Amino acid sequence: MAASSASAGDSPPPSSPDAAQNNLQHFFILHKASEKSTSSGKPRKRLDLCPTKLKEGDEGCLRMEAFQLVWSGIESSIKDVLRNMNAHVFNQIHSWVCDSFGAIKPIAPFSSPLGPFPIVTHATCCAQLFTALLLTKNMESVDDFSTFQELGLCLKSHGCHVASLSSLDFSPKNGIAGSLSSLLRQFFIRSFDAADMSILASWYSQHGNYGSPVVVIIDDMERCSIPVLSDFILMLSEWVVKIPVILIMGVATTLDAPSNILPSNVLKKLCPCKFTLGSPAERMDAVVEAALVRQCSSFAVGHKVAIFLRNYFLNQDGTLTSFLRALKIACVQHFSSEPLRLILGGLLVKEDTKGSQNEKVIKCASQVLCHGRDQMAEQTDINIAHGLTELKRLQMLWSTVVLCLYEAGKCDKVQLLDLFCEALDPDVYNSFASDNDNRTGLGKKFVTSLSNDHCMLEQHLSSRKGRLICQVVCKVRDLPAALLCQLLKSWEVLTVNVLEIHDMIKELQSLLKFEEGSCKPDLTDISKYFMMPIECMHLHEIFCFRNVEKLQSVSIAMAALINIPIAATCYL
Amino acid sequence: MGKEESPKTTRRTTRSSALATPSKNVVEETKASSSHPPTLSDLVLGEKGESFSADDLLSSFPGRRNQILELLRLLGPQNSPMFPVFVYGGTSTGKTSIVVETFRHLKRPLVYSSCLTCYNPRILFESVLNQLFLHRKNAANGYSSAKRCESPSDFVNFLRDALVSILVNTKGNSGKVTSKRSGKSNGNMIYLVFDNLERLRGWDKGSTILPLLFNLYDILKMPEVGLIFISSASPDTYYSNMGYVEPIPLYLPDYTQDDLQKIFMRNQANKKLYSSFLSVVLRPFCRITRRVDELSSAFSPLFTKYCEPITDLNVVPNKETNQRLYNFFRPHIAPALNETFKVSSQQSPEVEVKERKGKGGTKKSRDFEVEELDFHMPTSAKYLLIAAFLASRNPATLDSSLFDSTGGSNNRKRKRKLSDKSMEQKETAEQELLLNPGSFPMERLLAIFQCITSVGEGPLDEEEQEDGGLGIQDVNGGLMSDVLLQLSSLCSANFIVTGGSCPLEGSTRYRSTVSEDMALKVARSIKFPLSNWDNTIEHKFQTVSWCQVSAGLPSNNCSKPPIRVTS
């Protein structure tokens with residue numbers, strides 16, 4: 001079994017072709033530019049998968065199911081987080097659209113649908129196009145495809161006519177005809193051989209479409225061919241008296257970009273308003289918090305894997321899409337390489353604690369466990385079960401402390417991703433732990449820590465390991481009483497499920513009240529006792545994926561596969 | 001003046017005839033199932049029954065009296081044939097508005113097409129024909145045009161058909177009307193207006209369509225058709241003795257400052273206040289631009305700023321308040337002069353307060369914060385951007401000549417052989433530099449990229465080592481294909497532009513478009529000492545050779561080329 005699982009580890013989990021397809025679907029929804037390469041990669045994958053599947057169908061299915069169960073949990077929580085992040089901006093944009101429409105409406109009377117041309121009868125008003133510049137704050141626009149899709153859906157649900165165009169619609173090859181026909185295609189399903197704004201105008205006046213704004217969303221303004229985009233804007237602004245078009249353009253870099261690339265006569269037609277999406281770093285933090293820290297799912301990554309993910313994000317790609325892709329690859333590899341028995345056992349424990357039980361998995365797990373019982377002593381099983389519960393407890397403690405530290409570091413702009421990587425480092429933990437080996441007992445620590453001198457901390461600061469955590473801890477120590485109170489309050493909320501830390505926070509709060517702000521808490525103990533990285537825990541292999549080399553090679557291959565066509569264009 | 005009077009007297013009759021001649025005319029032309037069948041009167045601008053006198057017309061265009069009178073003279077009285085007219089002038093001088101409003105005043109049928117919206121011959125032709133056939137696009141006819149018309153000859157034929165049928169109808173009709181009334185209708189003339197004619201020159205088939213349009217008068221030989229061309233380019237740029245009647249030019253000069261004063265004073269609620277505002281802003285702004293659209297978009301936010309100290313907007317300002325307002329307002333003028341594109345933001349007040357708080361809270365690091373890069377960019381892209389910036393800034397000729405002087409230090413045969421090649425390259429580089437300043441081939445970019453990443457490794461190393469040593473080395477060694485990806489995304493973000501590819505070699509040349517500020521920001525964000533490298537960069541590239549560069553291309557990305565950097 002071990003041998004077979006090892007062989008399966010080289011490839012993504014054996015699965016039915018459909019499932020594999022679902023699996024890959026995710027990639028090319030997010031990675032628009034990679035459509036071709038992923039689709040060409042698909043059949044190859046399928047070929048790889050088939051033999052393993054035939055050999056050990058049942059086990060493969062179980063692995064797949066386990067993977068899907070865990071990954072769908074992670075994925076949905078990530079989606080929720082991102083949606084919540086965007087919701088605020090979307091609402092802002094919607095209210096702005098309503099305001100702008102109110103401002104245009106008086107110019108566009110319903111009368112005279114025949115006049116095929118929008119002739120401005122009031123010489124004074126020069127038609128301007130209300131334009132939202134949505135700063136995506138990321139040079140790569142891959143992450144934002146889904147964001148813009150959601151924005152379109154959101155506006156549609158509020159009754160706007162929405163057309164989403166991308167830079168592909170503004171290519172110099174097809175010119176303005178291409179962009180107009182794809183604009184029309186969004187409203188008319190069929191395509192026209194001579195795309196013309198007058199078609200849209202008569203559509204708008206005839207179908208009872210009158211009365212709601214027409215929103216045109218352009219994903220990535222900077223990637224469009226500028227002459228085509230300029231013509232498009234000029235044309236829309238000429239017609240704005242007949243069709244109340246409101247433009248939303250995604251700007252990847254800076255706010256200067258439109259004025260740098262568009263000619264001034266086009267800029268004059270725009271009446272811009274700025275909106276900002278969450279920055280990639282913010283989004284990354286939110287995703288890390290939801291998927292890796294808070295969720296304590298049956299999947300975690302080791303220190304080196306975390307470092308790899310972080311560096312790849314910061315140095316190479318910088319998109320959430322590739323981060324999630326790498327994470328998914330890690331997840332796939334984990335579930336295909338670990339012994340099935342342990343995985344399912346782990347799932348069982350998780351399900352128990354969650355309360356909501358997935359019957360199928362439990363059934364499978366118990367089957368497998370029963371099957372294994374012949375070979376293994378029952379005692380081991382009990383040990384494992386106990387170990388898993390303990391593991392779960394420690395993980396919970398760890399994640400709570402990390403979140404507390406993040407909360408404390410927020411005002412210093414400490415990024416959760418960095419903190420997360422550091423908190424996973426077994427060396428940091430060991431160095432913390434070894435410093436205070438002689439001291440034991442939880443009750444003692446606050447008393448000692450209050451009188452503790454700073455030398456230990458400084459020592460940590462001087463060593464590069466664990467710098468960030470020490471920095472945060474120092475910061476908390478030096479916080480003025482009022483802010484400390486605030487912080488403790490937010491910690492109280494964060495730790496509400498973890499009694500051990502919660503009690504300590506309470507204790508601290510009472511101390512603070514008693515000493516009227518003169519107290520200086522020391523958090524090294526918290527981090528020391530509770531921040532045990534997953535790799536230091538017993539049985540961590542069940543949840544934790546550590547094989548960074550494998551991940552690296554797979555994701556590089558993956559990236560290369562996707563990037564070959566793009567890179568090739570550089571040579572052309 | 002007399003000519004301008006005549007339409008005024010006929011206005012009443014034209015309107016009534018427009019009302020009196022519906023439905024029978026050309027209903028059969030359209031099968032549109034809409035509320036009311038379109039008639040020729042739909043080609044007449046303005047609301048029915050609306051009165052728009054010549055005085056109204058003249059007063060709505062301050063400073064354009066002579067031009068409007070000239071246009072009216074050229075159009076002539078009712079039913080009089082006219083030569084084609086060519087209206088031209090700078091942007092935002094009122095060309096289209098004046099023509100359109102004049103027709104609104106004259107109540108004569110007008111077929112208007114803009115070559116901006118009609119972006120190819122077919123759409124232009126069909127747009128004109130649709131209007132003449134009184135055709136309405138709708139769901140019932142599948143949003144199709146009245147006639148499918150792509151070639152100029154088809155256009156002329158259809159145009160003639162349409163005009164003849166309309167003229168027959170109107171003549172027949174006007175005959176009836178004449179019998180009843182005093183004999184004047186809104187005329188037999190139909191006017192075709194072609195706006196934005198300068199766009200035509202950019203079309204693929206512009207060279208054939210332009211003569212066609214200018215020749216239309218001769219081709220049709222119908223005195224009932226009036227042609228008006230509107231263009232922002234002067235007539236000299238269009239015709240060159242092609243054998244057709246040259247249109248009569250009508251030039252609209254730029255507005256003077258007095259004209260602008262009058263234009264902006266129209267429709268102001270509080271004229272006194274606004275004139276005091278104009279007295280402050282108009283002069284400095286007129287030195288920069290006299291375009292009404294530019295000025296009006298600049299003035300509207302400024303006026304709100306100007307009015308800020310006043311609570312009651314209807315107040316009649318006296319000298320004292322003017323002075324007070326001026327003192328308050330003065331600092332805002334100069335920045336506004338340089339502003340071309342002002343983006344407002346629509347943040348909720350809470351967020352703004354938060355931001356302000358955040359700024360106040362972190363006063364110490366403020367200087368640093370202001371110059372931070374406000375969007376995300378992977379580190380390798382940052383290095384690449386800096387490399388591109390340096391490659392554009394520093395002359396390539398210096399690079400290669402310096403290489404020649406020290407290239408022999410590394411005495412390998414292969415290298416020397418290739419350095420001959422680099423001599424050739426030097427020559428072509430010199431040549432290309434003249435053709436396309438600041439551009440560089442990708443090889444050079446990658447060389448500089450490798451050079452600066454190996455320098456950047458120093459300070460970054462510590463951090464990266466701490467994180468397990470998977471840091472910037474990857475940028476160098478692991479993923480050269482990713483560097484190309486970064487290059488392509490930098491290109492699409494318009495930080496690097498491609499262009500000026502050599503037709504013989506077929507290699508693309510790149511050029512950095514990043515401003516110095518931006519480059520400095522990027523350099524600061526990765527703690528790269530850009531100032532050391534700028535301009536003096538050539539001294540640091542002494543050991544970078546072209547052969548190493550070509551060896552360091554993605555084909556063998558594993559081995560790190562032996563680039564030594566002297567600092």
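Tutor: We will go through a few features in turn, keeping in mind that this is a predicted model.

Student: Let's begin with chain B as a whole. How many helices and strands does chain B have?

Tutor: Chain B has 23 helices and 9 strands. Of its 567 residues, 38% count as buried. Sequence separation is also worth a look: among contacts in chain B between residues at least 6 apart in sequence, 75% join residues at least 24 apart.

Student: Which strands pair with β1(B)?

Tutor: β4(B), residues 225–231, runs parallel to β1(B) and is joined to it by 4 bridges. In that pairing, V87(B) has I230(B) as its bridge partner. β5(B), residues 248–252, also pairs with β1(B) in the parallel sense, over 5 bridges. There, Y88(B) stands opposite Y251(B).

Student: How should I read a sheet that involves both chains? In what order do its strands come?

Tutor: List the strands across the sheet, then look at the ends. This open sheet has 6 strands in the order β2(A)-β3(A)-β4(A)-β1(A)-β5(A)-β6(B), with parallel pairing. Its edge strands are β2(A), residues 161–165, and β6(B), residues 344–345, each pairing on one side only. β2(A) pairs with β3(A), residues 214–218, over 5 parallel bridges, and V162(A) stands opposite V215(A) there.

Student: Which helix lies across β2(A), β3(A) and β4(A)?

Tutor: That is α5(A), residues 144–157, which runs at about 165° to β2(A).

Student: And how do I read the buried side of a helix? Which residues of α20(B) are buried?

Tutor: Look down the axis and see where the buried residues point. In α20(B), residues 516–525, they are A519(B), V522(B) and A523(B). Their directions fall within an arc of 100°, so they line one face of the helix. Just after α20(B), K527(B) takes a positive phi of about 55°.

Student: Where else is there a positive phi in a residue other than glycine?

Tutor: L134(B) has a phi of about 55° and sits in the loop between α5(B) and α6(B). N196(B) has a phi near 50° and is found in the loop between β3(B) and α7(B). L134(B) is buried, with 23 other C-beta atoms within 10 Å, and N196(B) is buried with 20.

Student: Is R283(A) buried or exposed?

Tutor: R283(A), which is in helix α11(A), has 23 C-beta neighbours inside 10 Å, so it counts as buried. Leaving aside neighbours within four places in sequence, R283(A) is in contact with L82(A), M85(A), G278(A) and L320(A). R283(A) and L320(A) are 37 residues apart in sequence, with their C-alpha atoms 8.0 Å apart.

Student: Last one: how do I treat a domain from a record? Where does UniProt place the ORC5 lid?

Tutor: Take the range from the record, then check it against the model. The unreviewed UniProt entry places "domain: ORC5 lid" at residues 274–323 of chain B. Over that range the chain is 68% helix and 0% strand, and the end C-alpha atoms are 14 Å apart.

Notes
Residues are numbered from 1 along each chain as its sequence is written. Chains are lettered from A and ligands numbered from 1 in the order in which they are written. This is a predicted model: local features need pLDDT of at least 70, side-chain atom pairs count only at pLDDT 80 or more; totals for chains, interfaces and linings use all residues. A residue is buried if 20 or more other C-beta atoms lie within 10 Å of its own, exposed if 12 or fewer, and partly exposed in between; C-beta atoms are placed from the backbone. Helices (H or I, at least four residues) and strands (E, at least two) are DSSP runs, numbered from the N terminus. The arc is that of the directions from the helix axis to the C-beta atoms. UniProt positions are given in the numbering used here, feature names are shortened, and annotations may be inferred rather than shown by experiment. Two residues are in contact if their C-beta atoms, placed from the backbone, lie within 7 Å. Two strands pair if DSSP finds at least two bridges between them. Axes are lines fitted to C-alpha atoms, for helices over the stretch in contact, and angles run from 0 to 180 degrees between N-to-C directions.
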